[in-house]
Amino acid sequence: MIYLTRKIEFAASHVYHNPALSPAENKRIFGKCNNPHGHGHNYTLEVTVAGEPDPVTGMVLDLKDLKEILEREIMQRMDHRHLNLEVPELQGQIPTCENIARVIWNLLDAKITQGKLHRVRLYENSDLFADCYRNGGGARV
Amino acid sequence: MKPETLHIELGRRYRFSASHRLHSAKLGDEENGRIYGKCNNPHGHGHNYTVEIRVSGGIDPATGMISNLADLDAFVHEQVIEPFDHRYLNEEVPAFQNAVPTTEILCMEIFERLKSFPHAKLEAVRVEETANNSFEYAGN
């Protein structure tokens, strides 16, 4: 099995606020991330696809195709956007790294038809990231 | 795809600086010198270590988080960063009084110290001794 990874970067803003909690609770749990006008990050997304190389092309999948999928599904949706306000898939969720990674997985999984989506890793900054795998999806590579 | 069909981990990176000396009490001086080379120099040497940990668990719908970062950071600081940072590992960390503080063993020691984190399951510890060498341990 080969695990192929492509990396993209996007910049977006977000705010952590749960309307079911009081302002004081929101502040206590989310701290600075609860500041009302939001704040932003440079996100780095690594998308790993698992598969066997095609005997003719030697490729698990054509990187051009993966690049186009990531452009269409992720960049156009999230780059230079406010994640709470402009990404419908995140409506009603706190846009943490964990939740954004899960949304990204769900956006990409059906679109990747050569090989199989294996891992989505989303970095909010170099010291914080979330990984998303299929449960029972084999090695945590 | 329903969320429960996915496995999600939170990753976090921390740093500490410490010195160590690779020297096995089970080997003679010449053997130690041959095996460990510069790392056997008698007064030790140091590294800037990076510790990357991954934890898993359900995402709390109220917070969107597997674990509150403040809780995780406080635990890692208390268990690892405080006792290791700016220390001589051989002398100041009890586990290394009888074990060679290679980064393999260090990685396992950090895993042992963090596996009781109460708010999420520790999946793996990866230690970068330098930008070029890293070691990962998942508890088995």
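Predicted model: local features only at pLDDT ≥ 70, side-chain atom pairs only at ≥ 80, totals over all residues.
## Chain B as a whole

Chain B contains four helices and five strands. Read along the sequence, these elements follow the pattern β-α-β-α-β-α-α-β-β. Along the principal axes, the C-alpha atoms of chain B fill a box of roughly 60 × 25 × 25 Å. Of the 140 residues in chain B, 24% are buried. Among the contacts in chain B with a separation of 6 or more, 68% are between residues 24 or more positions apart.

After α1(B) comes B:G37, whose phi is positive, near 60°.

## Strand β5 of chain A and its two partners

Within chain A, six bridges join strand β4(A), residues 116-125, to β5(A), and the two strands run antiparallel. They form a hairpin with two residues between them. In this pairing, A:V120 stands opposite A:C132 of β5(A).

One of the facing pairs is A:L128 with B:R12 of β1(B). In another, A:A130 has B:L10 of β1(B) as its bridge partner. In a regular strand the side chains alternate between the two faces of the sheet.

How much of β5(A) is buried? Five of its seven residues are buried, so β5(A) is largely enclosed by the rest of the structure.

## The contact between the chains

The contact between the chains takes 24 residues from chain A and 19 residues from chain B. On the side of chain A that touches chain B, α4(A), residues 97-108, and β5(A), residues 128-134, each supply at least two residues. Strand β5(A) gives the most to this side, with seven residues. By class, the side of chain A that touches chain B is made up of eleven nonpolar, seven polar and six charged residues.

## Helix packing in each chain

Two packed helices are described by the angle between their axes and the distance between the axes. The table gives these values for a helix pair in each chain.

| Helix pair | Angle between axes | Distance between axes |
|---|---|---|
| α2(A) and α4(A) | about 130° | 10 Å |
| α2(B) and α4(B) | about 140° | 10 Å |

In chain A, helix α2(A) covers residues 63-78. Its angle with α4(A) is about 130°, and α2(A) and α4(A) are therefore oblique to each other. The crossing of α2(A) and α4(A) is right-handed. From α2(A), the contact uses A:I69, A:E73 and A:I74, and from α4(A) it uses A:I104, A:L107 and A:L108. This contact of α2(A) with α4(A) has five nonpolar residues, no polar residues and one charged residue.

In chain B, helix α4(B) covers residues 103-114. Here α2(B) and α4(B) are likewise oblique to each other. Helix α2(B) passes α4(B) in a right-handed crossing. The residues that meet are B:V76, B:Q79 and B:V80 in α2(B), and B:I110, B:R113 and B:L114 in α4(B). By class, the contact of α2(B) with α4(B) divides into four nonpolar, one polar and one charged residue.

An α-helix has 3.6 residues a turn, so residues three or four places apart point the same way.

## Two histidines with positive phi

Most residues other than glycine have a negative phi. A:H80 has a positive phi of about 60° although it is not a glycine. Its place is in the loop between α2(A) and β3(A), the latter being residues 81-82. Is A:H80 buried or exposed? With 11 C-beta neighbours inside 10 Å, A:H80 counts as exposed.

In chain B, B:H86 also has a positive phi of about 60° and is not a glycine. This residue is found in the loop between α2(B), residues 69-84, and β3(B), residues 87-88. B:H86 has 12 C-beta neighbours inside 10 Å, so B:H86 counts as exposed.

Notes. Residues numbered from 1 in each chain as written. Chains lettered and ligands numbered in written order. Contact = placed C-beta atoms within 7 Å. Nonpolar A, V, L, I, M, F, W, Y, C, P; charged D, E, K, R; others polar. Pairing = 2+ DSSP bridges. Axes fitted to C-alpha atoms, helices over the stretch in contact; angles between N-to-C directions. Parallel < 35°, antiparallel > 145°, perpendicular 65-115°, else oblique. Left-handed = near helix turned anticlockwise from the far one by under 90°. Buried ≥ 20, exposed ≤ 12 C-beta atoms within 10 Å, placed from the backbone.
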